[in-house]
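Please examine the sequence and the three-dimensional structure shown here before reading on.

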Amino acid sequence: MSQYDVVIIGAGPGGYNAAIRAGQLGLKVACVEGRETLGGTCLNVGCMPSKALLHASEMYEAAAGGEFANLGIQVQPKLDLAQMMKQKAESVINLTKGVEFLFKKNKVEWVKGWGRIDGPGKVVVKAADGSETTLETKNIVIATGSEPTPLPGVTVDNKRIVDSTGALSLPEVPKSLVIVGAGVIGLELGSVWRRLGAEVTVVEFLDRICPGTDEETAKTFQRSLTKQGFVFKLGSKVTGAKASAKGVELTVEPVAGGAAETLKADYVLVAIGRRPYTQGLGLETVGVQTDKRGVVGHDGHFKTGAAGVWVIGDVTTGPMLAHKAEDEAVACIELIAGKAGHVNPDIIPGVIYTKPEVATVGKTEEELKAAGIAYKVGKFPFMANSRAKINHETEGFVKVLADAKTDRILGAHMVGPNVGDMIAEFCVAMEFAAASEDVARTCHPHPTRSEALRQAAMAVEGWAMQA
Ligand code: FAD
Ligand code: NAI
C-alpha cells in the first residue's frame, strides 16, 4: 500500500493544477483519473475543443461571409469539416500530453482508473482491467468535476440529440440545429455551427439569455446574435422529443401557458446546465453529504465536513469555470501545506467566446440594486474606439460600475472585440481595490481596444473624451 500526503481524485483544471502545486511544494502526491487522458472536461471535451472550433469557424465565416472581401481579400473558401475536426483533436492531444509532461516534471504520480473513497485516508482505484489498488493518504482532494444536466423527456443519444460533447463532433453541418438552453454552451456551440451554415434556433426557459449576466450586456449580446441569424424562443420549454435516423421533432410550449408547437431539426443540442459528478465516489464512507443538487459543500477554505477531505472545482459551490477550479486548486493545496491559501469569490471573471465576446467580472447592476448599494456607471461604446473602427468591429461597449461614495470598482461588463482578454485588466484593478479613477488615469497603448476600458473608467466621472 502506498502512502501519500495528498491523493487528488480527478485530473481536470482543479485536479491537475492541485497536483502540480502539491508537487512544487514537495508533497508526495498522486492524481487519480478515470479518463484515458489528463485534463478533465476542460481539455478533452470542454474549453479547449470548443475554442478550437470557435476559432476555426470564425476564420471560415470571415472568409465566406464577406468580411475578407470587404478588406480587399478575394477568396472562395470551401469547408473541410474533417480537417477542422482533426486539427481540433490534435490540439487537444497536445494539451493533454502537456499535462502529462507537467506531472512528470513535478513528480506527480498519475494513478489510472476510477477512484473511490474507502473510509478516512483511503482511496481505492479500479483500473480498466478491473484490478484494484488502495492508496493511503493524509489528505484527499475531491476534484471530480461535473456532467451535463439531463432534460426530463429528452434522451441524449449523442447521434441526433446531443450534449456538448456530441456537439463538438457532429459528423456534418446540420441544416437546422435547435439548442435547448441559451447559456454559455448553447451560444458558443450554436455560433460554431451557425457560422458553418446551420440555421440555429435557441429555446430558453427564461425570458432572457445568459441568466446571471448583467442584463444590459445580455440584451446587447442577444441583439448581436439575432443579427447574425440566431432565432430565440424565450420563455419556452421543451416538453418532448422524438428522434429518428433523419432528425428530431421537438414539442415546445410557452412557459406562461398556451399552445404547443412542433419544431423540426436535423440535430438538437441540450445545454441546460451542468451538475456535480460524484457517482460511486464513496462519500458516505467518510460521512460527506451533498446538497439536493449534488454539490459537495466546503467551509470557505475547501474543507468538507470530514477531516482530511477537501473539495474544489465544478463539484463544489460557485461558478463552473476552469480558472475558478484552478484558483481553488492552488489555495487548497497551499492550505494543506500549511500556507495561507485563499480565493476571492467576488473576482472570478466570466467570458463567452463568441463574436462579439462577452466578458464580466464583479457585481452586475441588478445585484447592486438588490443589495441597495449606490453606484455610478461609466460606459463607452466600441463604435468610438479607433482600433475597433479600423478593424470594422464596432459592436458593443464597456461598462464600469463604481461605488458612488468611494469610487471603488465593483464590476465591469463588456461586449465587444477581444474583451475576453481585456477583462483581466479589471480583475487586477479590483484585486488591488482600485478606484475607477485609477484606471482612468493609467496610460493605455494607442491604438488598442483597451483604450475603451480606460474611456469607460473616465466616463464614471463624466469625462470620457472620445465619445
Ligand atoms: P473536470 O474538468 O470535469 O474534471 C474532472 C475529472 O475527474 C474528469 O476528467 C473525470 O473523468 C474525473 N473523475 C471524475 N470522477 C472520478 C473518479 N471517481 N475517479 C477518477 N477520476 C474521476 N470553463 C471555462 O472557464 N472556460 C471555457 O471556455 C469553458 N468552456 C467549456 C466548454 C464546454 C463545452 C464545457 C462542457 C465546459 C466548459 N467550461 C469552460 C467549464 C470547464 O470545463 C469546467 O469548469 C472545468 O473543467 C472544471 O474543472 P474540474 O477540475 O472541476 O472538473
Ligand atoms: P448555463 O447555466 O450557462 O445555461 C443553461 C441555460 O439553460 C440557462 O439559460 C437556463 O435558464 C436554461 N435552461 C435550464 N433549464 C431549461 C429547460 N428545461 N428548457 C430550456 N432552457 C433551460 O449552462 P450551460 O450552457 O449548459 O453550461 C454549463 C456550464 O459550463 C456553465 O456553468 C458554464 O459556466 C460552463 N461553460 C463555460 C464556458 C465559458 O466560460 N466560456 C463555455 C461553456 C460552458
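The model is predicted: local features need pLDDT of at least 70 and side-chain atom pairs count only at pLDDT 80 or more, whereas totals for chains, interfaces and linings use all residues. Residues are numbered from 1 along each chain as its sequence is written, chains are lettered from A and ligands numbered from 1 in the order in which they are written, and side-chain values use heavy atoms, with hydrogens and water left out.

Ligand 1 is surrounded by 39 residues, of which Glu33, Thr41, Lys51, Gly115 and Asp314 are the closest; a residue counts as near a molecule if one of its heavy atoms lies within 4 Å of it. Polar contacts are pairs of N or O atoms within 3.5 Å. An N or O atom in the side chain of Thr41 lies 2.6 Å from an oxygen atom of ligand 1, and the corresponding distance for the side chain of Asp314 is 2.8 Å. A polar backbone atom of Met320 is 3.2 Å from an oxygen atom of ligand 1. On its own, ligand 1 has 990 Å² of accessible area, and the protein covers 94% of this (Shrake-Rupley method, 1.4 Å probe). Helix 2 provides the largest share of the shell, four residues; helices and strands here are DSSP runs, helices (H or I) of at least four residues and strands (E) of at least two, numbered from the N terminus.

Around ligand 2 there are 22 residues, and Ile185, Glu188, Glu204, Gly273 and Val351 come nearest. The side chain of Glu188 places an N or O atom 2.8 Å from a nitrogen atom of ligand 2. Ligand 2 exposes 850 Å² when taken alone, and the protein buries 78% of that. Helix 7 (residues 184–195) gives the most to this shell, with three residues.

Helix 9 spans residues 322–336 and reaches 21 Å from its first C-alpha to its last, close to the 21 Å expected (1.5 Å times one less than its number of residues). Its buried residues include Ala325, Glu328 and Cys332; buried means under 20% relative accessible area, with a 1.4 Å probe and protein chains only. Just after helix 9, Gly338 takes a positive phi of about 85°.

The structure holds zero disulfides, a disulfide being a pair of cysteine sulfur atoms within 2.5 Å. The cysteine sulfur nearest to that of Cys31 belongs to Cys332, 12 Å away. Cys31 is buried, with a relative accessible area of 0%.

Key. Buried means under 20% relative accessible area, exposed over 50%, partly exposed in between (1.4 Å probe, protein chains only). A polar contact is a pair of N or O atoms within 3.5 Å; within protein, one must be able to donate a hydrogen and the other to accept it, and residues adjacent in sequence count only if both atoms are side-chain atoms.
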